[in-house]
Each structure stands twice: as structure tokens, then as C-alpha cells.
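Work through the following exercises with the model at hand. Each task is followed by a solution in steps.

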Amino acid sequence: MRVDVLHGPNLNLLGEREPAIYGKLTLPEIDSRLVAIGKELSCDVRTFQSNHEGALIDYLHATRRLTDAYILNPAGYTHTSVALRDAVIAVAKPAIEVHLSNTEAREAFRHKSLLADVVMGRIQGLGAQGYEWALRALIAHLYAERNA
Ligand code: DQA
């Protein structure tokens, strides 16, 4: 079982970027925790961050036959990228959208997610823990599918 975690633009600066909103953990800290949880649950967790829309889309295309599911935090592209939405539909894998902050409680332009209706579910406002719940939920979903 494999789950790929995609982080969008500016998330490489976690830890120093607006810590009051996004928390103090760095991206490598978040990623290594996800890999460790994956290990405990027999799931190969791979992580990828890019500041480029096309690189995120290329990553989805390249991994679509290698992975079972995605965790997606497209950051600013959540609110703007039709192309990323189309790629998520195209790869046709279960996906959970995660945001560290509660985007609904922020500026109006963050209230709209172009992924909201094409993902399995969404977790936001729980900080880095949101990724962990997403991973556990996807693993449970994949096991349930296998045993169905
Ligand atoms: C974010 C929320 C987005 O609105 C913002 O552009 C980000 C991070 C979050 O994780 O809270 O870069 O996706």
C-alpha cells in the first residue's frame, strides 16, 4: 500500500512562514512523522513539495500507477488551479485535501476550493495533525476496499 503526499507552494517555508497561522513544525518534520505512521501501518508514504503548478501535475501523472491514494495540500493553487483539479480527476485515486489553517475562517478568496467536490474528503484547521488524520483515514479506506 502506498500513499503520496503533495505539498504546494510556500509550504517548504513551514516553521518560519506565518507560524501563528501555519504552526512551528517544518515540512521535513511533518513528512517524517507521516512516513513513521505509514511504517507502523504497513503503508509506504512518499512526499513531494513544489512551488510550481506544472510540477505538482507532473508528479500526479508520474505516480498514478504506482500509488493507491493522495493527500493534497495544494496551498494557494487550491483556490485557483483548474489544471490541478483536472489532474486530480484524471488520476482517479482516492484523495484527501488537507489545509493547516481553517481556510473558511480566513479571507473570502480562500473559501473556494476547486478540489472540494472531487476529493474524498477535506480536513482543515487542525494544523499538521490534519495530515496524520488524513493518512489514517486513507489507510483505513484502502484496507476496507481490499477486504470488501
Ligand atoms: C493552506 C491554505 C491556503 O489558503 C494557503 O494559500 C496556503 C496554505 C493551508 O495549509 O492552510 O499556502 O493550504
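**Exercise 1.** Find how far an oxygen atom of the ligand is from an N or O atom in the side chain of His99.

*Solution.* In this predicted model, the distance from a ligand oxygen atom to an N or O atom of the His99 side chain is 2.8 Å. The cut-off for a polar contact is 3.5 Å, and 2.8 Å falls within that cut-off.

**Exercise 2.** Locate His99 in the fold and decide whether His99 is buried or exposed.

*Solution.* Start with the secondary structure: His99 belongs to strand β4, which spans residues 95-99. Next take the relative accessibility, which is 4% for His99. Buried means under 20%, so His99 counts as buried. Finally, look at the side chain: His99 makes a polar contact of 3.4 Å with the side chain of Asn73.

**Exercise 3.** List the residues around the ligand and sort them by type.

*Solution.* The residues around the ligand include His99 and Asn73, along with Arg17, Tyr22, Ala75, Gly76, His79, Leu100, Ser101, Thr103 and Arg110. Sorted by type, this shell has three nonpolar, six polar and two charged residues.

Methods. Residues numbered from 1 in each chain as written. Predicted model: local features only at pLDDT ≥ 70, side-chain atom pairs only at ≥ 80, totals over all residues. Heavy atoms only, no water. Near = heavy atom within 4 Å. Polar contact = N/O pair within 3.5 Å; in protein donor to acceptor, adjacent residues only side chain to side chain. Nonpolar A, V, L, I, M, F, W, Y, C, P; charged D, E, K, R; others polar. Helix = DSSP H or I, 4+ residues; strand = E, 2+ residues; numbered from the N terminus. Buried < 20%, exposed > 50% of the residue type's maximum accessible area, 1.4 Å probe, protein only.
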